[in-house]
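Me: I am new to this structure. Let me put some questions to you, one at a time.

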Amino acid sequence: MVRVYARAKLPSRHGDLEIVSFTTRDGQRIDDIAIIAGDITGKSAVPTRVHSECLTGDVFGSLRCDCRDQLELAIDRICSEGVGLIVYMRQEGRGIGIAEKVRAYELQDSGLDTLEANVHLGFDGDLRSYEVAASMIQALEVDSVVLFTNNPEKVEGLQANGVEVERREAIISESREENVHYLMTKKAKMGHIL
Ligand SMILES: Nc1nc2c(ncn2[C@@H]2O[C@H](COP(=O)(O)OP(=O)(O)OP(=O)(O)O)[C@@H](O)[C@H]2O)c(=O)[nH]1
Ligand SMILES: [Zn+2]
């Protein structure tokens with residue numbers, strides 16, 4: 001479904017990485033990217049994080065969620081192991097986009113939880129699909145992955161699209177006063193193993 005378009009070195013504050021971009025088979029550029037440590041081509045059990053974009057957390061350090069902590073844990077892990085992959089999916093707000101996510105936050109400020117806010121806005125709780133992420137992993141010729149996630153749907157979504165997941169590893173950050181309600185909702189209503 002996708003093929004590698006461009007590949008470049010990405011020296012970072014965490015270590016030496018690479019960044020890879022992709023196109024669809026018919027040549028359309030896609031915004032999802034891969035960050036790679038070491039040589040993953042043809043390798044099995046590649047430490048992998050499929051991360052959904054969270055502008056508020058990943059970039060601005062919002063404490064409403066655990067996204068940035070998870071991203072940093074994953075980057076540190078692949079850098080310290082010297083091999084690994086982060087598939088960074090532009091599925092902001094579990095697929096509703098940043099404008100609607102801010103609206104969902106507004107509703108959460110007035111008492112709804114993260115799932116109720118999505119439903120109130122007319123969306124399912126989670127609009128993500130893992131077809132493109134799976135296709136990116138395949139385009140990178142990774143044989144199998146060890147997936148860092150607390151979300152069983154992510155494991156199932158990748159497997160359903162042909163990725164061999166050797167095992168899931170939990171990626172748990174310390175909860176904080178600001179995100180504990182969000183984490184409790186993910187555990188109670190969204191199937192997360194926390
Ligand atoms: N709609 C919506 N999206 C949110 C909210 N808080 C965080 N997100 C988005 O949720 C996505 C991350 O999903 P999570 O449910 O936190 O975690 P996950 O990716 O399913 O599972 P892990 O692999 O364990 O991190 C990112 O795209 C965030 O932008 C919210 O209150 N509402
Ligand atoms: Zn977040």
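Me: Which residues does the UniProt feature "binding site" cover?
Reply: This is a predicted model, in which local features need pLDDT of at least 70, side-chain atom pairs count only at pLDDT 80 or more, and totals for chains, interfaces and linings use all residues. Residues are numbered from 1 along each chain as its sequence is written, while chains are lettered from A and ligands numbered from 1 in the order in which they are written. UniProt positions follow the numbering used here, feature names are shortened, and annotations may be inferred rather than shown by experiment. The unreviewed UniProt entry places "binding site" at C54, C65 and C67.

Me: Is C65 buried or exposed?
Reply: C65 sits in the loop between α1 (55–59) and α2. Helices (H or I, at least four residues) and strands (E, at least two) are DSSP runs, numbered from the N terminus. A residue is buried with 20 or more other C-beta atoms within 10 Å of its own, exposed with 12 or fewer, and partly exposed in between; C-beta atoms are placed from the backbone. C65 has 20 other C-beta atoms within 10 Å, so C65 is buried.

Me: Which residues does C67 touch, not counting residues up to four places away in sequence?
Reply: C67 lies in helix α2 and counts as buried, with 20 C-beta neighbours inside 10 Å. Contact means that C-beta atoms, placed from the backbone, lie within 7 Å. Not counting residues up to four places away in sequence, C67 touches C54, G57 and D58.

Me: Is D126 buried, exposed or partly exposed?
Reply: The unreviewed UniProt entry gives "active site" at D126 and R128. D126 is found in the loop between α4 and α5. It has 18 other C-beta atoms within 10 Å, so D126 is partly exposed.

Me: What does R128 contact, leaving aside its neighbours within four places in sequence?
Reply: R128 is also in the loop between α4 and α5. R128 is buried, with 20 other C-beta atoms within 10 Å. Leaving aside neighbours within four places in sequence, its contacts are S52, Q91, R94 and G95.

Me: Which helix gives the largest share of the shell around ligand 1?
Reply: A residue is near a molecule if its C-beta atom, placed from the backbone, lies within 6 Å of it. Around ligand 1 there are 23 residues, with S52, C54, T149, N150 and N151 the closest. Helices α2 (67–81), α3 (98–109) and α4 (114–120) each supply at least two residues of the shell. The largest share, three residues, comes from α3.

Me: Which residues touch the most other members of the largest nonpolar core?
Reply: A nonpolar core is a set of buried Ala, Val, Leu, Ile, Met, Phe, Trp, Tyr and Cys residues joined through C-beta atoms within 7 Å. The largest has 35 residues, and those touching the most other members are A34, L85, I86, V87, A133, M136 and I137.

Me: Why is the chain as compact as a globular protein of that length?
Reply: The chain has seven helices and seven strands. The radius of gyration, taken over C-alpha atoms, is set against the globule rule, 2.2 Å times the number of residues to the power 0.38. For 194 residues the rule gives 16 Å; the chain is close to that, so it is as compact as a globular protein of that length, with a radius of gyration of 17 Å.

Note on methods:
Contact = placed C-beta atoms within 7 Å.
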